[in-house]
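Subject: Structure for your review

Dear colleague,

Please find the structure below, followed by a short account of what was found in it. I would be grateful if you could read the two side by side.

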Amino acid sequence: MKRQGMLNSHISKVLSDLGHTDLIVIADAGLPIPSDVPRIDLALTIGVPSFAEVVQAVNDDMVVENVILASEIQENNEKTLQFMKKNFSDTEIEFLSHEDFKERTKHAKVVIRTGEVTPYANCILQAGVIF
């Protein structure tokens, strides 16, 4: 058993398989997930696990070079926006309309669904490289 880092075997496998510029989505409980994109469903109950908990755990194990958020987060979920800005302060953050965001999820390697139920608590993380 691993001593630290990502313990979820499905997420650990996805992170190990990522190449430069590959995309993963961390989603709230309500984001529509394209039928041809694999889903890792972590949702247990409303709010569990939270979006922030999952983002932090993934970010601890993944090199992220770009973050994509729905532009609507700026007016509808200041708390989550500030969390993302703090945790990705050295990373470019791109904003798309929610409709364009949902279209971009079709290109993701996986969608990780959380129990989050606050508006626009979704992100697309683009993989970077360690060198």
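How many of the residues of strand 6 (residues 123–127) are buried? Strand 6 is mostly covered, with 5 of its 5 residues buried; buried means under 20% relative accessible area, exposed over 50%, and partly exposed in between, with a 1.4 Å probe and protein chains only. Strands here are DSSP runs of E with at least two residues, and helices are runs of H or I with at least four, numbered from the N terminus.

This is a predicted model, in which local features need pLDDT of at least 70 and side-chain atom pairs count only at pLDDT 80 or more, while totals for chains, interfaces and linings use all residues. Residues are numbered from 1 along each chain as its sequence is written, and side-chain values use heavy atoms, leaving out hydrogens and water.

In a regular strand the side chains alternate between the two faces of the sheet. In strand 6, Cys 123, Leu 125 and Ala 127 are buried on one side, and Ile 124 and Gln 126 are buried on the other.

The sheet is open and consists of 6 strands in the order 2-5-1-6-3-4, with mixed pairing; two strands pair if DSSP finds at least two bridges between them. Its edge strands are strand 2 (39–41) and strand 4, each of which pairs on one side only. Strand 6 pairs in the antiparallel sense over 4 bridges with strand 1 (residues 23–27), and also in the antiparallel sense over 4 bridges with strand 3 (residues 64–70). Ile 124 is the bridge partner of Val 25 and of Ile 68. Strand 2 and strand 5 (residues 110–113), by contrast, pair in the parallel sense over 3 bridges, where Arg 39 has Val 111 as its bridge partner.

Glu 92 is exposed, at a relative accessible area of 53%. Neighbours within four places in sequence aside, Glu 92 is in contact (heavy atoms within 4.5 Å) with Glu 65, Asn 66 and Val 67. Thr 118 is 26 residues from Glu 92 in sequence and 23 Å from Glu 92 in space, C-alpha to C-alpha.

I would welcome your comments.

Yours sincerely
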